[in-house]
Amino acid sequence: MYLLYTHNDLDGAGCGIVARCAFGVKADIRYNSIGGLNLQVERFLEKGKKKHQLFITDLAVNEANEQGLDAFAKAGGKVKLIDHHKTSLHFNRYAWGMVQVEYENGKLASATSLFYEYLLQNGLLKPTPTLDAFVELVRQYDTWEWERNNQQQAKRLNDLFHLMSIEEFEEKMVARLQHAETFAFDDFEEKLLDIEEEKIERYVRRKKRELIPTVIHDLYAGIVHAESYHSELGNELGKEYPHLDYIAILNMGSKRISFRTIHDHVDVSDIAGRYGGGGHAKAAGASMTEEAYRQYVAEVFPMEPIRADAFRNAFNTKKSPYGSLYENRKDQSLFIFSVGGGWAVDVDGEEEGGRFAAFEEAERYVKRQYAAWLARDEVYVSFLMEHMAEQKAKLQV
Ligand SMILES: [Mn+2]
């Protein structure tokens, strides 16, 4: 018998699917949340079944289970932990650990791609073009390479995964991988996916208005409560508000926080690590500890959500030669204007913050220091008129 304890996301399910293709009914597959795995491994170690081959994929165990598994392996037990999370690299010190974040050609690994290659190399599964294509879609989705490559099929595969139970998805995919010549969705799935795509867009648009900006441990975070579509939210909100270092997505029901960033200067697995969690540099998660609850929920509760930049302006546009006006909830006026090849900021008429080489840097400054947004045209026009009146009055003195 083969036992597979794997993650309950698309990459984890991909491991279940290739295991089913390899072992058929001889595989007992359990899909776990990050927290659920340790309980499952504890129970397995108590029974100490040495005749089973245990695979753990896309997840890591805690220290107690790490030692338990090592003792189990040393006593002749068969176990393999295959993962691609940076925070799991220390398992490589064991013969039973196989953690790889990146391939030699620079492409990022996923648990499904690593496990698939393991099965091929050990003669447990025969490669087919359909399997290759499926594994590559999962890898592109899990590593976000799909976005750069605009690989919509990978994104849609993940959407489809969330439209049904894991078991149903596994059954559907295994049948397709065993019989189809190429990997594709059927007409009904394509229609469902179109509807789902619109639904996600509406959801993200609504969440944009609930985002709360705050500073935690010297980093600028955007906080939002959401039960689903964490990847889409992390990505869309991050791009909409590039002055935020990262996005924290809270799920109060499951008491979990997801951390996402689009920036290279932030490693969200470090932030998750502070609360006992882990993950990748750009996507990580943790349980909501009491400290996390205080910082991300209680202290933030009285704060106001972020205001989006005015988007229908004809005059008050970014990088306008006449200057761009921002405002905030304290009724301050932040005016960004070009000067001598650079950019400067006036705060209520006084220059502040020094000179900026690029407009984006000046904008980042007013957004981070003053929680400001691009004002609407009406506000801009009356600001300019007042400004001109002041200048005139000064000249007449
Ligand atoms: Mn993964």
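Reader: Hi! How many residues does α3 have, and how far does it reach?
Author: Helix α3 has 12 residues and reaches 16 Å from its first C-alpha to its last, close to the 16 Å expected at 1.5 Å a residue. Keep in mind that this is a predicted model.

Reader: Thanks! Which residues of α3 are buried?
Author: Those are N65, G68, L69 and F72. They sit on the same side of α3, because they cover an arc of only 95 degrees around the axis.

Reader: And what's on the face turned away from that buried side?
Author: There you'll find the exposed residues E63, Q67, A71 and K74.

Reader: What covers the buried residues, then?
Author: The cover includes α2 and β4 (78–83).

Reader: Oh, α2! At what angle do the axes of α2 and α3 cross?
Author: At roughly 35 degrees, with the axes of α2 (residues 34–47) and α3 (residues 63–74) coming within 10 Å. The crossing is left-handed. On the α2 side the contact is made by N38, V41, E42 and L45, and on the α3 side by N65, G68, L69 and F72. These contact residues divide into four nonpolar, three polar and one charged.

Reader: Nice. What follows α3?
Author: G76 does, and its phi is positive, near 100 degrees.

Reader: New topic: where does L108 lie?
Author: L108 is in the loop between β5 (97–99) and α4 (111–121).

Reader: Why does it count as partly exposed?
Author: Because L108 has 17 C-beta neighbours inside 10 Å, and buried would take 20 or more.

Reader: Which residues is L108 in contact with, leaving aside its neighbours within four places in sequence?
Author: V101, E102, T143 and E145. The C-alpha atoms of L108 and T143 are separated by 6.4 Å, though the two residues are 35 apart along the chain.

Terms used: Residues are numbered from 1 along each chain as its sequence is written. This is a predicted model: local features need pLDDT of at least 70, side-chain atom pairs count only at pLDDT 80 or more; totals for chains, interfaces and linings use all residues. Axes are lines fitted to C-alpha atoms, for helices over the stretch in contact, and angles run from 0 to 180 degrees between N-to-C directions. Helices (H or I, at least four residues) and strands (E, at least two) are DSSP runs, numbered from the N terminus. A crossing is left-handed if the near helix is turned anticlockwise from the far one by less than a right angle, and right-handed if clockwise. Two residues are in contact if their C-beta atoms, placed from the backbone, lie within 7 Å. Ala, Val, Leu, Ile, Met, Phe, Trp, Tyr, Cys and Pro count as nonpolar, Asp, Glu, Lys and Arg as charged, and the others, Gly among them, as polar. A residue is buried if 20 or more other C-beta atoms lie within 10 Å of its own, exposed if 12 or fewer, and partly exposed in between; C-beta atoms are placed from the backbone. The expected span of a helix is 1.5 Å times one less than its number of residues. The arc is that of the directions from the helix axis to the C-beta atoms.
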